[in-house]
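Time to open the notebook on a new model.

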Amino acid sequence: METTPPGTAPSGKTQGTPRKRPALGRVPFLRTLSADLPASLVVFLVALPLSLGIAAASGAPVMAGLIAAAVGGIVAGCLGGAPLQVSGPAAGLTVVVAGLVEEFGWPVTCAITAAAGVVQLLLGISKVGRAALAVSPVVVKAMLAGIGVTIVLQQTQVLLGSKPAESVLANVAALPAAITNVELHSALLGLTVVGILLGWKYVPRAVRRIPGPLAAVVAGTALSVAMAPGVERITFNGSIFDAVALPNLPDGNWRGAALAVVSVAMIASIESLLSAVAVDKMQNGPRTNLNRELVGQGSANMVSGMLGGLPVTGVIVRSATNVEAGAASRTSAVLHGVWVLVFSALFAGLIQLIPLSVLAGLLVVIGARLIRVADIKTSRRTGDLLVYVVTLGCVVFLNLLEGVIIGLALASACVLWRVLRAPIHIHPPAVPSAPWRVTIAGSCSFFALPRLNRVLHSVPEGRNVVVELNADYLDHAFHEALLAWQKQHTSSGGTVLLEEHGTTVFKDAAHRSPQRQESREFPLPPRTTWQSAQTVPSADAASEEYDDVERLPLRSILLGIDKYHRRYADRVRPLVQGLADEQNPDTLFVACVDSRVNPNLITSSGPGDLLTLRNVGNVVSADGQDASIDSALQFAVTALAIDSIVICGHSSCGAMKAVISDAEGAGNKNLGAGFDAWLDHARPSFRELVDGHPVALAAEASGYSRVDQLGMVNVAVQLRKLEEHPVVGPALAAGRVQATGLFFDISTARVVLVTPEGIEHLDPSVVRGPGAAGRTNVMGA
């Protein structure tokens with residue numbers, strides 16, 4: 001984002017004398033060097049022993065780990081999309097690389113690494129970085145745990161002074177012999193490293209500034225020089241530059257090599273992207289560009305493979321250390337790579353003092369930390385324990401690629417089962433005269449047909465049934481099966497009442513392709529939407545379901561009560577239990593008696609929130625002419641101590657039509673003298689309308705009809721009456737109560753704020769009223 005230089009106005013005009021920018025600001029990386037330089041040194045000290053240990057565990061030349069660390073820091077640091085992520089050789093690929101070295105040899109493994117970098121580069125250019133995150137986290141965690149198990153069993157052999165076997169089973173089988181023939185010095189050195197790493201968090205804070213892995217390796221090496229000079233150590237010839245070697249193409253088995261390229265590319269990409277996402281959660285700086293990160297990782301692997309280095313990935317251990325050390329930019333990762341390169345070139349001789357058992361102890365702890373008890377608990381809590389166990393087992397006993405593929409397939413199958421398994425249940429009636437209930441929810445597809453048929457055919461013939469369909473997805477096969485059963489059951493003398501409560505429409509399944517629709521948070525739709533002629537039983541059928549229903553004109557009300565008891569009563573009970581003995585509403589809501597106005601609905605309120613006063617025309621009396629209105633106002637203000645009073649009018653109001661009709665001389669004789677007398681409460685509003693009330697002018701400008709203009713003016717007039725009321729007026733003047741005017745436009749289902757000066761659309765998307773055909777602002781259009 002462009003920023004305005006100091007002393008410059010946004011328009012570009014200079015305000016006063018511009019301040020001279022510091023010289024360091026001209027070189028961006030220098031601005032953060034004070035934070036990045038110490039952070040890079042800390043990360044270097046962590047990365048050095050880890051890179052050596054991973055190279056040794058992979059069966060690769062030791063210097064290959066340092067080459068990968070230097071390339072990962074410099075190349076991925078410069079080109080990657082995660083500024084604070086540090087890349088290098090990772091324990092997650094140890095098992096894969098060891099297998100490739102065993103099968104193809106080291107030069108061909110380098111070629112596979114370079115080719116995997118090309119694949120990653122293409123993935124990044126194709127902008128599929130986010131698609132790589134479409135992997136179940138439980139599979140990734142189980143994969144890392146499987147790698148951890150493999151590393152621990154393999155390096156335990158080295159720690160005991162033996163040679164690691166090729167497979168996990170072979171390492172387990174060889175463990176008793178390794179313990180029996182233990183090389184004491186190697187074991188003690190390795191266990192010393194393990195002990196230091198496990199106890200490092202308990203040492204004083206000042207000492208903990210030294211990275212634990214570095215302290216453990218230095219301590220173990222120093223002990224070996226003093227007490228066990230004969231233990232097996234790291235060996236290599238020359239410096240890091242002497243270790244640089246061009247890769248070789250495979251001699252045959254191209255299919256296996258191609259599969260290895262894809263495996264390395266996918267695992268390295270997933271591990272890098274997941275690590276980048278984790279780093280984003282640890283800091284508040286710039287977010288990761290995942291596609292650019294793939295380009296950076298691919299470039300690093302191409303260079304590392306061409307120079308004879310291990311595969312490179314983003315590493316969470318080094319990245320977390322980088323963030324905790326206070327790094328501010330990618331300069332820290334780049335400098336860490338430079339330090340690795342300088343150390344490997346100048347002090348390579350020191351590396352050859354490190355015993356193999358010391359690195360083995362380091363790797364045992366690293367591998368053990370990949371097996372997280374928290375991940376196992378989470379997978380058990382979320383129902384993914386089976387996926388975790390199967391993936392871990394396959395990674396350990398088969399290989400990494402097959403384990404991940406099997407884990408992903410099992411995770412996908414579990415998701416398919418959970419998503420497509422529609423809950424279908426039958427509920428026998430509590431009393432013989434009540435209907436049977438069948439509840440269907442979720443995704444109703446052909447996968448659910450076996451359970452649907454079993455449940456439906458368990459309903460006794462000739463009985464009345466209510467089918468409650470709460471589907472978020474419904475296909476033609478399910479629609480057809482339900483209709484076929486309905487026809488069959490009806491022919492046996494029973495009735496079927498189909499109620500729909502989900503986001504899909506049952507009849508649409510027969511005419512259009514299945515699709516999921518947005519959830520509708522609308523608990524109580526009008527009865528006419530679900531008591532249609534097709535779904536409501538006849539009067540004869542209803543009389544069989546409900547006692548005396550045929551003799552009552554309230555059949556629809558009783559059906560609604562039945563639905564309330566079935567679907568809502570249990571949900572409402574917790575909401576009203578605390579209101580059983582007293583109420584404590586905060587608002588008196590004065591509304592018209594019109595059936596289309598639902599105060600709780602338009603205010604998103606529930607039981608106990610609103611004290612409601614409803615009358616014809618939503619009026620109040622200012623001079624004590626109506627005891628009913630006065631008592632409601634006094635009870636609300638004095639007894640309940642409400643905070644606000646709302647006067648709410650609505651569109652196409654019958655009372656406003658009657659006032660206009662009477663004023664124009666048509667009268668309202670058919671409504672009776674009592675109704676005509678009641679209109680006296682609203683007639684002052686008509687006079688205000690004629691006199692050009694500001695609310696009337698604003699409503700007219702917004703395109704509202706004359707009736708609705710009067711309805712809005714009436715709200716403003718009733719608000720003024722409240723100020724003159726002997727009880728409400730003083731409370732308003734003292735600020736104990738606030739008064740608000742609202743207008744509900746039925747045709748658009750929008751609420752308008754009415755003030756003494758005009759109107760205001762509370763829905764920010766609304767531009768004009770119904771006179772403009774309800775035009776709305778579309779964000780971003």
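I began with Phe-447, which counts as partly exposed because its relative accessibility is 47% (partly exposed lies between buried, under 20%, and exposed, over 50%, with a 1.4 Å probe and protein chains only). Phe-446 is also partly exposed, at 48%. This is a predicted model, so I kept in mind that local features need pLDDT of at least 70 and side-chain atom pairs 80 or more, while totals for chains, interfaces and linings use all residues. Numbering runs from 1 along each chain as its sequence is written, and side-chain values use heavy atoms, without hydrogens or water.

Next I searched the whole structure for aromatic pairs (Phe, Tyr or Trp six-membered ring centres within 6.5 Å) and got 3. One of them is Phe-446 with Phe-447, stacked (planes under 30 degrees apart) at 4.5 Å centre to centre and 25° between the planes.

Then I turned to the cores (buried Ala, Val, Leu, Ile, Met, Phe, Trp, Tyr and Cys joined through side-chain atoms within 4.5 Å). The largest holds 85 residues, and Leu-66, Trp-106, Ile-112, Leu-310 and Leu-362 touch the most other members. Helix α3 (residues 62-79; a DSSP run of H or I, at least four residues) gives the largest share, 11 residues. A separate core has 47 residues, including Val-620, Ala-658, Ile-660 and Ala-699.

Ala-699 came up again in α30, where Val-695, Ala-696, Ala-699 and Glu-700 meet Gln-709, Met-712, Val-713 and Ala-716 of α31 (contact: heavy atoms within 4.5 Å).

Definitions and conventions: Rings of Phe, Tyr and Trp (its six-membered ring) pair if their centres lie within 6.5 Å; planes under 30 degrees apart count as stacked, over 60 as edge-to-face and the rest as tilted. Helices (H or I, at least four residues) and strands (E, at least two) are DSSP runs, numbered from the N terminus.
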